Amino acid sequence: RRVRGFSEENFEFQQTFISETGRDAGHVFFARKEEPLKIGDQVVRFMGEDSPEPPNLPSFAQLVAEKAGIRAEIPETPYISWLLPPAGDDLFTLFRIPRHQPGSSPDVILPESWRAALKDKIVLIGGDFVARDKHLTPLSILDGARLPGVMVHAQILAQLIDGREIRTIGWTSELVLLLVVAFAGYLFSQRWQIKKYDWILYFVGIFALGTLGIVMFFAYSLIVPSTTLFFAWTLGVTGGHYLPDLMKESR
């Protein structure tokens, strides 16, 4: 329903098909319906939420976790908490199916040597295509690589199993924080009248806020609104520099 071009008959067919299989199904969309700031860079940042319309499917990763006996709920702030792969190794154990002819025996598709390693494990099956189902993620900034969809689902599933969550501060807390930072910038600017070298005060404040954001994220998985804080600091420092002069002139 999030993709145009389908009729109601298509949805009815899909629902009937799923019902007749006798199996549970989950949807494979990543992002939530409403994304903050309407970010349009096609980077996958969010888990999928339950589909809001019939048949009200849970997300694929959530369904897999539940089938594995793990009670998993989509976090209130559904950012994906990406795991970095260890140096020189894959993050998840990968088994690449060998090339085979249609109708090949199970022993060709799933060699005997693999079966012990797969026993009692959650196994996701997906394709690593050249130009299909490849997604930009925040990790793509390192090398520009796109992840296959199945690897994104593996990241989400691992997060649900681990109970990890990335948190954000509410808008009221952010507003209070912005006012505090702007006022601090104003006071610092009033205390040190260094208009000739005002860039020093700007730089020190922005560096401190950037460091705070990094520390809070790595220590507490909390996203600090760095961009708006930078603007608040800059506005406070600028006000401290020029507001007294404007007030004198107005007198």
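## Confidence

The chain of this predicted model has a mean pLDDT of 82, and 86% of its residues reach 70 or more; pLDDT is the predictor's confidence in each residue, from 0 to 100. Over residues 32–37 the pLDDT is below 50, and this stretch has eight contacts in the model beyond near neighbours in sequence (contact: heavy atoms within 4.5 Å). Among the elements, helix 6 has the highest mean pLDDT (93) and helix 9 (residues 226–250) the lowest (76).

Because the model is predicted, local features need pLDDT of at least 70 and side-chain atom pairs count only at pLDDT 80 or more, while totals for chains, interfaces and linings use all residues. Residues are numbered from 1 along each chain as its sequence is written, and side-chain values use heavy atoms, with hydrogens and water left out.

## Architecture

Nine helices and four strands make up the pattern α-α-α-α-β-α-β-α-β-α-α-β-α along the sequence; helices (H or I, at least four residues) and strands (E, at least two) are DSSP runs, numbered from the N terminus.

Of contacts between residues at least 6 apart in sequence, 69% join residues at least 24 apart. Of the 251 residues, 26% count as buried (under 20% relative accessible area, 1.4 Å probe, protein chains only).

## Cavity

The whole structure holds one cavity of 30 Å³ or more, a cavity being a set of points on a 1 Å grid over the protein atoms alone where a 1.4 Å probe fits but cannot get out. The largest cavity contains about 40 Å³ of space, the volume being that filled by probe spheres set on the points, which are joined across faces, edges and corners.

Its lining (residues with an atom within 4 Å of a point) includes Phe29, Met47 and His153. Helix 2 (60–67) and helix 6 (149–162) each supply at least two lining residues.

Terms used. On a 1 Å grid over the protein atoms alone, a cavity is a set of points where a 1.4 Å probe fits but cannot get out, and a pocket is an open set with protein on both sides within 12 Å along at least five of seven lines; lining residues have an atom within 4 Å of a point. Buried means under 20% relative accessible area, exposed over 50%, partly exposed in between (1.4 Å probe, protein chains only).
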